[in-house]
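Work through the exercises below with the sequence and the model open. Each task is followed by its solution in steps.

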Amino acid sequence: MIMDHGIADAGAMGEGALPGLRSRPLNRRAFLFGSAAGLAALGLAGCASDYMSLAEAEKLYGPVPNEKFPIPAVDVGKVNPKYFRKTVRYDSSEAPGTIIVDPSKYYVYRIEGEGNATRYGANVGRDGFRWSGEAYVGRKAEWPTWTPPKEMIARQPEAGKYARGMPGGLDNPLGARVLYLYQNGVYTLYTIYSTTDPETIGNGITSGCTGLLSQDMIDLYARTPVNTKVIVLPA
C-alpha cells in the first residue's frame, strides 16, 4: 500500500490499479463498483440548453473503427450530458497542456490557455482509494497490458489468473490508452485510463484511478506528451 497525499491501497495499473473489467472473461461491473451501493440516476441529453444534444454527442462519441481493436460507439443516453467533452472557461495560472483532475466534480481539464480548458467527464476513485497532489506523465501507452497487484488479488482472487498480465484489448481494464503518473521518478500507482462503460462516468468506482470515455481519452492522449504536469485536486 502507498500513502502519499491521501493515496491508499490504490494498487497498480498495468502495473496498476483495477478500474474495472468487462463481463468477458471477468465480471467488469463487479470489479468497477466493488462495495458501492449503485449508481445515481443519470440525466438525459437535452435537459439543458448549454449541453451538447444527443445527435451531436452521437457524432463525437461514435465508433472508432481504425484502432487495433475497433472501439464501439458510446451509448450516450447513459451519460449525463454535463459530462460530454466541452471547451469551457477555466481560470488557471498553469501552463497550456497541464491536466487538472477534479474528483469532486468528476471532471478532467486540459488547460488550453487564455482562460479556456477542454473539459472531460470522468470516473474517479471510490471512498478509501482517493489521493491528491501534483504529478507528471512519466510514460504513456496504447492498448497496454494490465497486471493486477498482489493486494488486489488478495481482495479479489479471480483476478489471479492475470497475475502475469492481461493483454491489451477491449476487455482490458486500461482500455485503449493510459497515462501513467509519476512523482520524483517513482510511479504513483495512479493513472488516467480509457473506459467503454458510459455508466461509470460521474461516479466514484475505481481503485484509485481516473477514467475517461475511450473517445475522450484518445483525444487527451494525443495532446499529452511525457512530462506533462498533472494536478489532482482534493475530493
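**Exercise 1: salt bridges**

The count comes to 11 salt bridges, a salt bridge being a side-chain nitrogen of Lys or Arg within 4 Å of a carboxyl oxygen of Asp or Glu. The model is predicted: local features need pLDDT of at least 70, side-chain atom pairs count only at pLDDT 80 or more, and totals for chains, interfaces and linings use all residues. Residues are numbered from 1 along each chain as its sequence is written, and side-chain values use heavy atoms, with hydrogens and water left out.

Step 1. Helices (H or I, at least four residues) and strands (E, at least two) are DSSP runs, numbered from the N terminus.

Step 2. Classify by relative accessible area: buried means under 20%, exposed over 50%, partly exposed in between (1.4 Å probe, protein chains only). Lys78 is at 35% and so counts as partly exposed. Asp75, at 42%, is therefore partly exposed, whereas Glu199 counts as buried because its value is 14%.

**Exercise 2: a bridge between strands**

Task: locate the partners of the salt bridge between Glu134 and Lys229.

Step 1. The closest N and O atoms of Glu134 and Lys229 are 4.0 Å apart.

Step 2. Glu134 sits in strand β6 (residues 133-142) and Lys229 in strand β11 (residues 229-232), 95 residues apart.

Step 3. Glu134 has 47% relative accessibility and so counts as partly exposed; Lys229, at 31%, is also partly exposed.

Step 4. Elsewhere, salt bridges that share partners join Arg85, Arg110, Glu112, Asp216, Asp219 and Arg223 into one network.

**Exercise 3: the largest cavity**

Task: give the volume of the largest cavity and the classes of its lining residues.

Step 1. On a 1 Å grid over the protein atoms alone, a cavity is a set of points where a 1.4 Å probe fits but cannot get out; lining residues have an atom within 4 Å of a point. A volume is the space filled by probe spheres set on the points.

Step 2. The largest cavity has a volume of about 70 Å³.

Step 3. Its lining includes Pro103, Phe129, Arg130, Trp131 and Tyr190. By class, the lining has 7 nonpolar, 3 polar and 1 charged residues. Ala, Val, Leu, Ile, Met, Phe, Trp, Tyr, Cys and Pro count as nonpolar, Asp, Glu, Lys and Arg as charged, and the others, Gly among them, as polar.

Note on methods
1 Å grid on protein atoms, 1.4 Å probe; cavity = no way out; pocket = protein on both sides within 12 Å on 5 of 7 lines; lining within 4 Å.
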